[in-house]
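This report covers the surroundings of the ligand, then the nonpolar core and the strands in it. The sequence and structure come first.

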Amino acid sequence: MHTEPTTFSAEEYFATQPPPSTLQHDVEKVREFVERQNRDGRQVVLVTSGGTTVPLELNVVRFLDNFSAGTRGATSAEYFLKAGYAVIFMHRQFSLQPFSRHYSHSTNPFLDFLDIDAPESEGATPRISVTPNKREDLLQVLTVYKKVHALGTLHTLTFVTVNDYLWLLRAVSQEMAILKRRAMFYLAAAVSDFFLPRQKMSEHKIQSGKGSLHIEMDQVPKILKPLVDEWTPGGYIVSFKLETDPNLLLPKAKQALDRYGHQVVIGNDLHRRKFEVVFVSKKPQPALPPGIEQTEAAIAHASDASNAFSEYWLRIDIPETPTPGFPAKEIEEDIVAELVRRHAEWIANTP
Ligand code: 9Z3
């Protein structure tokens, strides 16, 4: 049977697709966290990280995935914590996480730098110690990690499917609305543009007997619009735009800002993302004194793309020898510093 693809609005999406079973529980925990940070007067950032999946069957055997190890999100979360923000870290299950990311099992496995010291006397329990040349790094990571735990400024949530992601994003952003301008959204997760609605999914494993596989997916609704207008009016919203064709990066980033009206799009090219990003935002247009009509010249000036947007390229040197887990410089340090500065300025200047 062939059914036409549907274009879902966000409202239709949530009315027809079921919420994840853990949503209620997750939301209650987020509410407690946000209320505590609000009482303490902290800025709170929601960092989304990692790729979303699109299951092809209800009893899922196969799924479409989105590339992303979660490096951008996990690294940025650490720098936000260091800058004094409380962080809601919403990430793909098993993707990288702040602090433990330095000891990824594939690039810097922690078992490799633990030693077993010979017992002092016969029958005594052997002791475990850290290899001397790894102590300094570990001490630094552990010190911040323990401090963050003592302060209670990191809250972690997981998603797997794009459906989990959308439901969680809506619920978490609604909880963050009480923070008003102190809320920041840092949407670094690699989110699928397409999904298979529950109503069109095969219940059981798709069989191979019929030859080739044809799947028609529907478009994931554009959720930045309701996020900006309804779920969390007042928040500072930063989205990421990933492209593989460098010529599309700036036009797509500008299109997103025009469509959704949020504060910043950070554009990154797949192959250059670790050492180059571009911040795109709308330039504030000079306000006219009350009672004075916009002249044609002023309107033309504002709608000319070269006057309407600001572009700020951020670059770091490419390291000659990579150091697993501890690169000399991470671009996220500069991305976060720039955003913290812009957020503070925006809070001060927004009535
Ligand atoms: C990004 O562009 C992230 O920077 C990366 C980070 C996924 C490239 P890694 O995890 O990679 O460090 O390996 N995220 C893409 C965000 C995205 O999918 N945006 C959507 C869009 O552009 C909507 S918000 O349409």
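The ligand is surrounded by 15 residues, the closest being Ser-68, Thr-71, Arg-72, Phe-240 and Leu-242; a residue counts here if its C-beta atom, placed from the backbone, lies within 6 Å of the molecule. Two or more residues of this shell come from each of α3 (71–82) and β11 (236–243). The largest share, four residues, is from β11. Helices (H or I, at least four residues) and strands (E, at least two) are DSSP runs, numbered from the N terminus.

This is a predicted model: local features need pLDDT of at least 70, side-chain atom pairs count only at pLDDT 80 or more, and totals for chains, interfaces and linings use all residues. Residues are numbered from 1 along each chain as its sequence is written.

The largest nonpolar core has 68 residues, and Val-47, Val-87 and Ile-88 have the most contacts inside it. Such a core joins buried Ala, Val, Leu, Ile, Met, Phe, Trp, Tyr and Cys residues through C-beta atoms within 7 Å; buried means 20 or more other C-beta atoms within 10 Å of a residue's own. Helix α5 (residues 162–176) gives the most to this core, nine residues.

Strand β4 (residues 86–92) is largely enclosed by the rest of the structure, because seven of its seven residues are buried. Its pairings are tabulated below; strands pair if DSSP finds at least two bridges between them.

| Strand paired with β4 | Sense | Bridges |
|---|---|---|
| β1 (residues 44–49) | parallel | six bridges |
| β7 (residues 154–159) | parallel | six bridges |

Val-44 has Ala-86 of β4 as its bridge partner, and Phe-89 is bridged to Thr-156 in β7.

Note on methods:
Buried ≥ 20, exposed ≤ 12 C-beta atoms within 10 Å, placed from the backbone.
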